[in-house]
Amino acid sequence: FAQPFLPQTANTVAQGSRAVSVYIDNSFSMQARTQNDVQLLDKAKLKAREIANAYGPEDRFQLLTNDFEGKHQRLVGKDEFLANLDEVQLSPNVQTLNKVKMRQQQALNTATSQQQVNKKNLFMVSDFQKNMVDLANDDTTVTFNLVPLTTAAQQNVFIDSVWFEVPVRMLNQPNRLLVRIQNTGNSAVESSKLTLNINQQGKAVKNISVPAKDKIVDTLNFAVTETGWGKAELILQDYPIEFDNNYFFSFEVAPQINLLAINQNNPSVYLNALLKGTDNFVLQNQGVNQIDYTKLPQNQLVILNGLREISSGLAASLQQYLQNGGSVLVFPDANMNTQTYNNFLHPLRTATYGSLNSEPRAVDYINTREAVFSDVFERLNDNIDLPSVQRCFNLNSLANTGEEVLLRLRGGASFLSKFRVGGNGKLYLCATSLDTKDSNLPAHAVFVPMVYKIALLGGKSQRIAYTIGKDEVLETDIRTDKKDAVFKLKSDVEEFIPGQKTLNNKLLLSLNNQLKQAGIYGLSLGEEKPQQFFAFNYNRLESLLDYFTPDELKAQFNQPNVNLFDADGDLSVKVGQADKGIQLWQWCVMLCLLFLLLEILLLRLWRSQVAATKLAA
């Protein structure tokens, strides 16, 4: 009746009710199978049921998964816990174990403050991928119980990320798509098929090979034959882990790229000859006194051609344009007002213009590693012909401006430099004008690819894909005059209404953990035709199949309040012994029964002996 026990750990065994939190890792890595061909998630649910069976009806339980659902943020009875356990499914959401632990502690602390609880136990049932384990044992009042699940060794090859070489897609022009593919297995992969589909049409097929424990970056070339939105999918052949074999992305192809040249006097004959009459570019020339500032954002590139000064109004408009992701190319006039130019440049933290240098010089360096000139030359000869300069301004560089020198003069002075402004803005500063009296740049062969690539790179960079489960905000320029307008995100399999608000003429959308299925979702107003498309993919952290072994977990969490359980066998017995000690009352009952039996036997033997003695007498 005293319920004696032998404690199994150094912790004091508490009597009374308990608050128990059980986390089940239901991420995609848990679809792997054990040596007995049982899915890890199914085994995790079985272990959670055994944990619950180790406790009594008065104890309270929390079930937690990677979904962080509201109904899982409270403690319930055993029957409700087991019912919730049956509903757990694989999820695209990924959480680090430190975030999980904080959620568990929050629920346990709330239960302690609201009701009489004598002990708090925290269980984690997971495969313990190394990139997800970041536990900090900073609460000694809670007993941490880790239940690692082991899986058979598996090979996994997956599409890690995708990006375009240039930010703008051109109609009927070659587009280079770069794909990073990773192999986490111990064996090399030979000739795995990679397929690119755009708008459900095959665009490229390639066989790829990836060494063991390595990654590669490969290139797919394709041409876009229609304007509008491209809904693309990359498909990689790999088995048995397949959730990361598909990568979705979306992009928009505009009919042309809009360019604006702001001129002091006449338009540049060289810019007109290069850009006028082409299918891909639309060049508009405006005088410095005739600028429509409201239409600046409609242009992918603004060229300042020979302005003698930059007014405060133009400077403010250009600064805002750059901060919003625009691109500006500056060719100063030899007689410019340097102060007004530098008033425009100082807030942007770029180089500034210095004095005019009339010493004839030549360009002796071209930066072929930067995107503007990266694919212009097959190879550079030592005697290559580069532009020459009769007079140009000195560019005074400041510290920490992030300057990228594209063309450099003999002697080390910069001739053309690129600067990043804000997140995506690009500012190109040339040291001279487009007048051939100052340099032969406008008539030089380098001028054509230089302006062409700057124009191509001037388009606002589009986010081509997002990751499910990350707390990200989608940004779009879509506007509506309708009050109480409700936008929807819809794919072939699901649709939902995102959170939405308008800020600085932009529509911001929040997903609020509603999106569960990878794919391409169209943004539409009510039942109207989609106006924009967003692509979502599963988190690639789950693709890295590198796990902590039980021995590694023991070494990392060798602390008194941390227990490590072997998932083989019945956990209800192991957990009960670790939490309540080895119960001795069963042995006491058995001993009592044994002693009672012995007493009965002794009594019978003694009576038999007494009777025999009397007969003998």
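Student: How far does helix H5 (residues 312–323) reach from its first C-alpha to its last?

Tutor: The 12 residues of H5 reach 16 Å. The expected span of a helix is 1.5 Å times one less than its number of residues, and for H5 the expected value is 16 Å, to which the model comes close. As for the word helix, it stands for a DSSP run of H or I with at least four residues, while a strand is a run of E with at least two, both numbered from the N terminus.

Student: What should I know about the model itself?

Tutor: This is a predicted model, in which local features need pLDDT of at least 70 and side-chain atom pairs count only at pLDDT 80 or more, while totals for chains, interfaces and linings use all residues. Residues are numbered from 1 along each chain as its sequence is written, and side-chain values use heavy atoms, with hydrogens and water left out.

Student: Which residues of H5 are called buried?

Tutor: Leu-314, Ala-315, Leu-318, Gln-319, Tyr-321 and Leu-322. Buried means under 20% relative accessible area, exposed means over 50%, and partly exposed lies in between (1.4 Å probe, protein chains only).

Student: How do you know where they sit around the axis of H5?

Tutor: From their arc, taken over the directions from the helix axis to the C-beta atoms. That arc is only 160°, so these residues are on the same side of H5. In general, an α-helix has 3.6 residues a turn, so residues three or four places apart point the same way. The partners that the buried residues of H5 pack against include strand S13 (257–263), strand S15 (301–305) and helix H6 (338–345); contact means heavy atoms within 4.5 Å. Just after H5 comes Gly-325, with a positive phi of about 105°.

Student: What makes Thr-219 buried or exposed?

Tutor: Thr-219, in strand S10 (residues 214–223), has 18% relative accessibility, so Thr-219 counts as buried. Leaving aside residues up to four places away in sequence, Thr-219 touches Arg-176, Leu-177, Leu-178 and Lys-206.

Student: And what does Arg-180 count as?

Tutor: Arg-180 belongs to strand S7 (residues 174–183). The relative accessibility of Arg-180 is 27%, so Arg-180 counts as partly exposed. With residues up to four places away in sequence left out, the contacts of Arg-180 include Phe-158, Trp-163 and Lys-215.

Student: In which order do the strands of the parallel open sheet stand?

Tutor: The order of the 5 strands is S3-S2-S4-S5-S32. Two strands pair if DSSP finds at least two bridges between them. S4 (residues 119–126) and S5 (residues 143–148) have 6 bridges in the parallel sense, with Val-125 opposite Val-147 of S5. S2 and S3 are joined by 5 bridges and run parallel; there, Ala-19 has Arg-60 in S3 as its bridge partner.

Student: Which strands does helix H1 (residues 40–53) lie across?

Tutor: H1 lies across S2 (18–24), S3 and S4, at about 175° to S2. Helix H2 (residues 78–86) also packs on the sheet, where H2 touches S2 and S3.

Student: How are H1 and H2 turned relative to each other, roughly parallel or roughly antiparallel?

Tutor: Their axes come within 10 Å and cross at roughly 175°. Axes are lines fitted to C-alpha atoms, for helices over the stretch in contact, and angles run from 0 to 180 degrees between N-to-C directions. Angles under 35 degrees count as roughly parallel, over 145 as roughly antiparallel, 65 to 115 as roughly perpendicular and the rest as oblique. The crossing angle therefore makes H1 roughly antiparallel to H2. Among the residues in this contact are Lys-45 and Ala-48 of H1, and Phe-81 and Leu-82 of H2.

Student: What covers the buried residues of H2?

Tutor: The cover includes S2, H1 and S3. The buried residues themselves are Lys-78, Phe-81, Leu-82, Asn-84 and Leu-85. They fall within an arc of 160°, so they line one face of H2.
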